[in-house]
Amino acid sequence: MNQIVKPTALATSALTIGYHQNGQKITVQKEINITLRQGELVALIGPNGSGKSTLLRTLAGFQPPISGDFQLLGRGVKSYSRNEWARTISIVLTEMPRADKLTVSDLVASGRSPYTGFSGRLSGTDKRAISLAMSSTGITTMRNHYLNRLSDGERQRALIAKSLAQDTPIIMLDEPAAFLDFPGRIRIMHLLRELARHQQKAIMITTHDIGLALQYSDRLWLVSQDKPLLEGIPEPLALNGNLQQYFTGQEVDFDVNSGKFLLDVPPLYNVSVEAQLPLHFWLTHALNRHQINVTRTTYTPYHIVATCSGEVISLFKEEKLIKTWVDESDFFEHFSTVVFNM
Amino acid sequence: MTVNQPTLKRPTVRITLLISGFILTLLLVLANLLTGSVDISPDQLLNNLTGFGPTDSTITTILFKFRLPQAITALVAGAGLSVAGLMMQSLFRNPLADPSILGISSGASLGVAILILSAGTGSGTAFLTSGILGDLTVTFAALAGAILVMMIIIVFARTIQSHSNLLILGIMVGYITFSAVGILKYYSPREALQRFVIWGLGSFGEVSQSRLGLFVLLTILGLFASILLAKTLNLMLLGEHYAQNLGLNIRKARLFIILISGFLTAVITAYCGPVAFLGLAVPHLTRNLFQTSSHQLLLPASALLGGILALLCNLAARLPVFNGTLPISAVTALVGAPVVIWLIFKGNK
């Protein structure tokens, strides 16, 4: 199979972003060189005040860069007209349109504005684009509902449908999962992945949720106040220690073995665990919560061994049996009282 | 199934509403012609209007010189104020916005106050309080004041990015003009003051037959211009960022909206005095009745509903029980406020 290079949707060259305050230029991030490719979902991650929103606003065209430039579809942004821009990048922001009596289909239809004439009259093509946008986001049945009456997740979908109707190669979403419940988050992220894969959209989201970003994005853009922007694919970033490095000094530590962020405190004990999956995973999970580190080596004073079916779980200290639990639930219920007296 | 119903029902409901609106307008115009201090029977009305059958010169005079101009003024002013209010509500995405929110009608008040109250101290009172010339100067003063404030707002609009800051500035300009009016009032003689207070209560009956043509022309010009902004207003409703991302030039759009809404407000306030409430309430009524946020429908429907409500208020103000004509601003709120209150309770259920 030939290697397919995904076409570049957006590329920055030495882009310095910031804002003006009292006539002074305040630089937030310097000399950013990043590329957003079609068919890719990129997550822009960083704490508040790290320049996440400034970068999004700059790339979406709401504010000019301090210096440097970026290209959309291989063309410098300065050559873009208002209308061309509207046909290239669409946005989904945390602020929701809350106008009275605004229906889902009104909102989605607004996505066609860059294509309709002065009167705003919809052509056949416009109407097809609108219904396609609603069906790919699963909101066709809600087309006549008022936006005010929808749940946060449904409203988020309606806004994404607006972006799809806008028919732009690039979609930028500011915290698309922030107000959603857990299943809602997963559904939205899944939808965005699908859009990237099947419609070749270049999608950039900002998020606080690093777990969600690691799980779903093709690429991460990490920003922080004192470090330059770090870009890469999640797994290599984790394996080569970049993620760990990036988050050190922020009181959390990235555990490369579990893909989790833990509070940066020394473990009380080290134990090794011998069990089958999924029990191994959940035993580790429970032990980690009690600040007990599970190591892969067996050179630890403590060993926990579970029988294959998980019926008997035993704790050994230097090969001496200390405690036996009769089954999983017995272990999970009572292990903490024992381990704290080890 | 309730989900899919509106697609079938809505267009027919809306057309029915529009048609009944037109019929109601016609009926209200006729009712306005029949009502007043002189009794006119439907027969007499028909004869004198069409010219067939026996006509009576007194009745013809009453009809064509007073009642018909007044009905047409009410219709046109109601339509214009409602559209101006709708535009302000959509621009600022604020249900409390109305045509006077940017201080434009306060500007008109200031213009009139300067004319009536400062003239009142000199010998000009007599010349002002009577005759067509007096009315014309009042209209001109109001228009000048309103346009002056509108220009100030437009200068602000060109430099200030944020809609809400512009709104606050507009309200502040309104307060400044208001207090200027207050100071003028404090130093003016009783008769002039009374005349100013009466102007301030608004009336659809001050536009004489000879001046009606220009008033109607200007207002209809403003109404047509507003229709051209339907797409712009739909985008504005989504918020500045979404509108900009959809290709709208926000500053230009805002300028046009203020210009047209302000023009309508200035003209109507100049001719009729400040008419409260219609511009605030009618857009709400229209949105609820037509169940839409689309300005392609809201603009003409607000104009229609505004005309109807103004005619209704004009009728109510001149009911024989009142022994004359009540001030129109008092009646508009009295008739309209309960409707809005009812709508809010209905919406909360």
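Trainee: Let's start with β17(A) and β18(A): how many residues sit between them in the hairpin?
Mentor: Two residues. Keep in mind this is a predicted model. One thing to look at in that turn is A:Glu318, which has a positive phi of about 45°.

Trainee: And in which sense do those two strands pair?
Mentor: β17(A) and β18(A), residues 320-325, run antiparallel over five bridges. A:Lys317 stands opposite A:Lys320 of β18(A).

Trainee: Which other strand does β17(A) pair with?
Mentor: Strand β16 of chain A, residues 302-306. That pairing with β17(A), residues 313-317, is antiparallel too, over five bridges. There, A:Ala306 has A:Ile313 as its bridge partner.

Trainee: Switching to helices. Is α5(A) mostly covered or mostly open?
Mentor: Mostly covered, with eleven of its 14 residues buried. Among them are A:Arg155, A:Arg157, A:Leu159, A:Ile160 and A:Leu164.

Trainee: What length should α5(A) have, going by its residues?
Mentor: At 1.5 Å a residue, the 14 residues of α5(A), 152-165, should span 20 Å. The C-alpha atoms at its ends are 20 Å apart, so the two agree.

Trainee: Which residue with a positive phi follows that helix?
Mentor: A:Asp167, with a phi near 55°.

Conventions:
Residues numbered from 1 in each chain as written. Chains lettered and ligands numbered in written order. Predicted model: local features only at pLDDT ≥ 70, side-chain atom pairs only at ≥ 80, totals over all residues. Pairing = 2+ DSSP bridges. Helix = DSSP H or I, 4+ residues; strand = E, 2+ residues; numbered from the N terminus. Expected span 1.5 Å × (residues − 1). Buried ≥ 20, exposed ≤ 12 C-beta atoms within 10 Å, placed from the backbone.
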